[in-house]
Amino acid sequence: MLAVGASSSCQVRGGDVCTSQGTVPRLWVTPAQRRWASSLPMNTVVLFVPQQEAWVVERMGRFHRILDPGLNFLIPILDRIRYVQSLKEIVIDIPEQSAVSLDNVTLQIDGVLYLRILDPFKASYGVEDPEYAVTQLAQTTMRSELGKLTLDKVFRERESLNSNIVHSINQASDEWGIRCLRYEIKDIQVPPRVKESMQMQVEAERRKRATVLESEGTREAAINVAEGGKQAQILASEAQKAEQINKAAGEAQAILAKAEAKAKAIRLLSEALAEQNGNAAASLSVAEQYVAAFSNLAKESNTVLLPSQTGDISGMVTQAMTIYGTLAKPTVKSIKAETEQEKSEEPAAQSTSAQ
């Protein structure tokens, strides 16, 4: 059973709750929880303690024991429930406060503190007002940690700041049986002028990044164009090289074909000259060439060199045939010498074979 009556003669001090059992320290609970925690349970000999609660019992004004969840028995008059502690995770709003950063910027900052009672005895007898003590400790620790950081680092190292605050609170609250689980900064407000400066800085940084990105894009485009030109020149030079090689090969084949054709023509001509009436045919060919060459005079140039006897075709042919005969005699003699040598070598070869 829970007692709902309260004595009208007790006085409320520092936010404590006045009950028939006396003044009870304020609990770290939400308004909905304060409604049922406004009074302490009465000693009805048989008590049922809810789960996740610790009831601190005093016997004749001294600490006796802590009741466990479930069924418990107490001695009337001698035993009294002095404190009721919640073992659930407790959330405390840290009021907004001003703090000065390392670069002398005044900030308005608030947060949320999450903690849990690990030792109900220390939480009941170690500190008068646990909520007030933890709140003040969180505020002073937050101001101290913010004073070590510049404004830029406050925003960048938020997790590190929360971790440092939790570590500092746990060092001091260990004697109170309280464990700080985590601390979260809800909001950070900067002065209007500083906010304007930060906005200008952000805009300048964005313009800088845009300029850098644009310059990098221009550089990449120039590199791509240069690379494309280089590849185009390489391909063009390779194509020109292949063209020249093909052209040279074609010219070489043409020269060989012409040489072979000329050699064949000369061979046929020599065979024709060696036949009967070959001289007459050579005279006819020379005369035809003379007439053709004479007909082409003065077609390409105004300067013309003429022989002294232009109309004497027979004399020109005779002169050409005389030159031909003079050049042909050594050839005939060499042919005869080679023939005689072959004939002389044949009997010697036959005699050698006979032996």
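Me: What share of the 355 residues in the protein chain is buried?
Reply: In this predicted model, buried residues account for 25% of the 355 residues in the protein chain.

Me: And which helices and strands, or rather how many, are in the chain?
Reply: The protein chain contains eight helices and 10 strands.

Me: What about contacts between residues at least 6 apart in sequence: what percentage join residues at least 24 apart?
Reply: Of those contacts in the protein chain, 61% join residues at least 24 apart.

Me: Which strands does β4 pair with?
Reply: Strand β4 is joined to β7 (residues 79-86) by seven bridges, and the two run antiparallel. Five bridges join β4 to β5 (residues 62-67), also in an antiparallel arrangement. Within the pairing with β5, V57 has R65 as its bridge partner.

Me: What happens in the hairpin of β4 and β5?
Reply: Two residues lie between the strands of that hairpin, and M60 takes a positive phi near 55°.

Me: Back to β7. Which residue in β7 stands opposite E58?
Reply: The residue opposite E58 is R80. The side chains of R80 and E58 also meet in a salt bridge, at 3.8 Å from N to O. Because R80 belongs to strand β7 and E58 to strand β4, this pair ties together parts that are 22 residues apart in sequence.

Me: Are those two buried or exposed?
Reply: E58 is buried, with a relative accessible area of 8%, whereas R80 counts as partly exposed at 30% relative accessibility.

Me: Which residues are linked in a network with them?
Reply: E58, R80 and R82 are linked in a network of salt bridges.

Me: How many salt bridges does the structure hold?
Reply: There are eight. One of the others is between the side chains of K186 and D93, at 3.9 Å from N to O. K186 lies in strand β10 and D93 in strand β8, so this pair ties together parts that are 93 residues apart in sequence. D93 is exposed, with a relative accessible area of 52%, while K186 counts as partly exposed at 46%.

Me: New topic: the largest nonpolar core. Which of its 32 residues touch the most other members?
Reply: They are L113 and Y183. Among the elements that each supply at least two residues of this core are β8, β9 and β10. Helix α3 gives the most, with six residues.

Me: What does Y183 contact, apart from its close neighbours in sequence?
Reply: Leaving aside neighbours within four places in sequence, Y183 is in contact with residues including I94, L113, A138, M142 and I165.

Me: Finally, the surface. Which residues form the nonpolar patch?
Reply: The patch consists of V45, V46, F48, L71 and F73, with about 480 Å² of accessible area together. Strands β3 (46-49) and β6 (70-73) are the elements that give two or more residues to the patch.

Me: And how accessible is L71?
Reply: L71 is found in strand β6 and counts as partly exposed, at 48% relative accessibility.

Note on methods: Residues are numbered from 1 along each chain as its sequence is written. This is a predicted model: local features need pLDDT of at least 70, side-chain atom pairs count only at pLDDT 80 or more; totals for chains, interfaces and linings use all residues. Side-chain values use heavy atoms; hydrogens and water are left out. Helices (H or I, at least four residues) and strands (E, at least two) are DSSP runs, numbered from the N terminus. Buried means under 20% relative accessible area, exposed over 50%, partly exposed in between (1.4 Å probe, protein chains only). Contact means heavy atoms within 4.5 Å. Two strands pair if DSSP finds at least two bridges between them. Patches are made of residues with over 30% relative accessible area and no salt bridge: like charges are joined within 9 Å, nonpolar side chains (Val, Leu, Ile, Met, Phe, Trp, Tyr) within 5 Å. Accessible areas come from the Shrake-Rupley method with a 1.4 Å probe; for residues, only the protein chains shown count as cover. A salt bridge is a side-chain nitrogen of Lys or Arg within 4 Å of a carboxyl oxygen of Asp or Glu. A nonpolar core is a set of buried Ala, Val, Leu, Ile, Met, Phe, Trp, Tyr and Cys residues joined through side-chain atoms within 4.5 Å.
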